[in-house]
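Please look at the sequence and the structure below, and then read the briefing that follows.

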Amino acid sequence: MKKETKFVDKGNDVIKRHGIGVQKSLYILLYYIFAKHLPSPPLPLSGIGMKLRASLARKIFLKTSAKFKVHQGVDFGTGVNIQIGNNSSFNKNAWVANDTIIGDDVMMGPNVSILSGSHNFDRIDIPMTQQGAPIRRAVIIGSDVWIGTRSIILPGVRVGNHSIIAAGSIVTKDVPEWAIVGGNPAKVIKYRNTELKS
C-alpha cells in the first residue's frame, strides 16, 4: 500500500498566527509580482514558471511534499499554514485560503475557491463591515480527490478521501469518503465505491 504524506491536522481549532518575517515576505512578493504570472502548460516556457512557483511555495507554505504543482494565477494570501501533499496541484486561477490542508493525489480544475474565513453579521445596529470576523476554520481535503472547475469549498469543510466534487459545486458541509457530490449546496449524488449506499 502506498505511503501517504503526513500532515499537521489543525482541524477547526483556533490557528495561531505568527509574523511572516522579512525573508518570507520577499518570497511572497517575488511570487505575486513575477512568478504568479508566468505561463502554465501547454504554453511555451511553462516549465520555468512551474518550477519557480513550486520553489517559492516550498519557502512560503507550512509544509510541502516532494512533488506538487502550482499553476499560473493561483492566489494563496500569505500561505500561512497551507500544506500540500505529494502529486497534488493548485490549478490555474485557484484561490486557496490560508490554513488549507491538501492530501496526496488531489486534482483541481481551474478557478476553484477554498475559503477559511468569513464575516460576522449577527448585529443589525451596525454595518457588517464593522462586525469583524469569526475564528478562521481550516479546510481539510483528503487524498485521491478530484475538485471540479469553479467549485467553492466553504470554511471548516472536510473532504473525504477518494471523493469527487462536481464542477460548479458549492460545498457547505463535510464530504464523505468515496462520495461524488454536486450542486448548490453540494449533496451526495452517489458513491464511487458501490459497496456504500447512496
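In this predicted model, Tyr31, Tyr32, Phe61, Phe76 and Phe90 form one aromatic cluster, and the structure holds five aromatic pairs. Rings of Phe, Tyr and Trp (its six-membered ring) pair if their centres lie within 6.5 Å, and planes under 30 degrees apart count as stacked, over 60 as edge-to-face and the rest as tilted. Because the model is predicted, local features need pLDDT of at least 70 and side-chain atom pairs count only at pLDDT 80 or more, while totals for chains, interfaces and linings use all residues. Residues are numbered from 1 along each chain as its sequence is written, and side-chain values use heavy atoms, with hydrogens and water left out.

**Aromatic pairs**

- The ring centres of Tyr32 and Phe76 are 5.6 Å apart with their planes at 50°, so this pair is tilted.
- Tyr32 lies in helix H1 (residues 21–33) and Phe76 in the loop between strand E1 (68–70) and strand E2 (83–84), so the pair ties together parts that are 44 residues apart in sequence; helices (H or I, at least four residues) and strands (E, at least two) are DSSP runs, numbered from the N terminus.
- Phe76 is buried, with a relative accessible area of 0%, where buried means under 20%, exposed over 50% and partly exposed in between (1.4 Å probe, protein chains only).
- The rings of Phe61 and Phe90 have centres 6.1 Å apart and planes at 75°, so this pair is edge-to-face.
- Phe61, in the loop between helix H2 (46–60) and E1, and Phe90, in strand E3 (residues 88–90), are 29 residues apart, and both Phe61 and Phe90 are buried.

- Asn81 is placed in the loop between E1 and E2, and counts as buried at 11% relative accessibility.

**The sheet**

- Four strands form an open sheet in the order E2-E5-E8-E11, with parallel pairing; two strands pair if DSSP finds at least two bridges between them.
- E2 and strand E11 (158–159) stand at the edges, each with a single partner strand, so one side of each is left without a neighbour in the sheet.
- Strand E8 (residues 140–141) pairs with E11 in the parallel sense over two bridges, and Ile141 stands opposite Val159 in E11.

**The surface**

- Ile33 is found in helix H1 and counts as exposed at 64% relative accessibility.
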